[in-house]
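Here's a quick tour of a protein model, meant to be read with the structure open.

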Amino acid sequence: MILAIDIGNSNIVIGILEKQRVLVEERLSTNHSQTEVEYAIAIKNILDISRIDPSRLEGGILSSVVPPISSTVKKAAEKILGKTILQVGPGLKTGLNLKVDNPAALGSDRVVDAVAAIYHYPAPLIIFDMGTATTISAIDHEGSYLGGVIIPGVKVSLDSLTQNTSQLPKISLEAPKATICTNTVDSMKSGVIFGNASLIDGMIDRISDELEGDVTVVATGGLSRFIIPHCRHKIIYDGELLLKGLSVLYQKNRR
């Protein structure tokens with residue numbers, strides 16, 4: 001078993017995996033002010049609740065899009081495991097052929113998503129990761145990473161809408177009964193849910209035009225489960241994609 005940690009802008013996902021099987025998945029809030037000891041206690045509590053002895057874990061791996069706390073969380077995990085934690089970044093073998101202008105600038109979450117998608121699904125691929133930002137990655141039929149798209153996330157767009165208008169209320173992420181709505185709250189829900197679903201469908205059409213062959217579309221990220229059911233294209237939802245990718249990378253780089 002291994003410990004897999006994904007540090008995102010809003011949440012830190014803590015996973016325990018055995019090969020490609022996710023045994024435990026829990027979330028912590030991303031907190032820039034927490035200390036190494038505080039993160040270590042949080043990780044230890046997750047292991048205790050899951051009844052997993054740290055000594056049973058052979059190692060761990062971490063990916064992060066929040067550099068200021070990467071080292072803090074990494075040291076916290078190493079304190080609990082007593083072992084070195086791998087980190088996704090320069091020097092880590094991924095097996096990806098990156099056809100982007102600056103591979104070093106590509107977010108580690110997109111790298112890990114791509115590794116997992118290529119391992120589990122047939123290429124060419126379009127990968128949606130819907131978190132604080134919505135990212136789209138395109139993989140050609142040879143398994144090369146071509147690049148992608150970055151879009152303001154569902155919640156970021158919604159928060160911006162409510163914060164910058166005087167009369168629009170905060171709403172929950174649930175679909176209204178129809179696209180055309182007769183009140184403010186449902187109208188906002190229609191825009192957020194159906195609008196983002198239409199965005200995804202439209203981007204699939206555009207990106208598919210630039211890829212050869214039948215395209216497999218995979219979606220992950222905490223917010224995709226609210227949007228994907230309302231899309232018209234066939235999309236595979238895999239909420240564990242990133243953790244699975246970390247497991248693949250750990251196996252490629254284990255000593």
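A salt bridge here is a side-chain nitrogen of Lys or Arg within 4 Å of a carboxyl oxygen of Asp or Glu. By that rule, Asp238 and Lys244 are joined through their side chains, with N and O 3.1 Å apart. Keep in mind that this is a predicted model.

**Salt bridges**

- The structure has 9 salt bridges, and a few of them are picked out below.
- In the Asp238–Lys244 pair, Asp238 counts as buried because its relative accessibility is 5%, under the 20% cut-off.
- Lys244 is buried too, with a relative accessible area of 13%.
- Glu78 pairs with Lys74, and their closest N and O atoms are 2.8 Å apart.
- Those two sit 4 residues apart in helix H2 (residues 67-81), so about one helical turn separates Glu78 and Lys74.
- Is Lys74 buried or exposed? Lys74 counts as buried, at 19% relative accessibility, while Glu78 counts as partly exposed, at 21%.
- Arg21 forms a salt bridge with Glu18, where the closest N and O atoms are 3.5 Å apart.
- Glu18 is partly exposed, with a relative accessible area of 37%.

**Helix H7**

- How far apart are the end C-alpha atoms of helix H7? They are 19 Å apart, which agrees with the 18 Å that its 13 residues (241-253) should span at 1.5 Å a residue.
- H7 is mostly covered, with 11 of its 13 residues buried.
- Among the buried residues of H7 are Leu241, Leu242, Leu243, Gly245, Leu246 and Tyr250.
- Lys244, the salt-bridge partner of Asp238, is also one of the buried H7 residues.
- Leu249 is another buried residue of H7, and Leu249 turns up again among the contacts of Thr94.

**Around Thr94**

- Thr94 is in the loop between strand S5 (85-87) and strand S6.
- Thr94 is buried, at a relative accessible area of 18%.
- A polar atom of the Thr94 side chain lies 3.2 Å from the backbone nitrogen of Leu96.
- Leaving out residues up to four places away in sequence, Thr94 touches Val111, Val115, Leu249 and Lys252.

**The sheet**

- The order S6-S9-S8-S7-S10-S11 describes an open sheet of 6 strands, with mixed pairing.
- Strands S6 (97-98) and S11 (236-237) stand at the edges with a single partner strand each, so one side of each has no neighbour in the sheet.
- Strand S7 (residues 125-130) and strand S10 (residues 216-220) run parallel and are joined by 5 bridges.

**Cysteines**

- How many disulfides does a search of the whole structure find? The search comes back with 0 disulfides.
- Cys181 is in no disulfide, and its nearest cysteine sulfur, on Cys231, is 17 Å away.
- A disulfide needs the two sulfur atoms within 2.5 Å, so that cut-off rules a pair in or out.
- Cys231 counts as buried, at 12% relative accessibility.

Conventions. Residues are numbered from 1 along each chain as its sequence is written. This is a predicted model: local features need pLDDT of at least 70, side-chain atom pairs count only at pLDDT 80 or more; totals for chains, interfaces and linings use all residues. Side-chain values use heavy atoms; hydrogens and water are left out. The expected span of a helix is 1.5 Å times one less than its number of residues. Buried means under 20% relative accessible area, exposed over 50%, partly exposed in between (1.4 Å probe, protein chains only). Two strands pair if DSSP finds at least two bridges between them. A polar contact is a pair of N or O atoms within 3.5 Å; within protein, one must be able to donate a hydrogen and the other to accept it, and residues adjacent in sequence count only if both atoms are side-chain atoms. Contact means heavy atoms within 4.5 Å.
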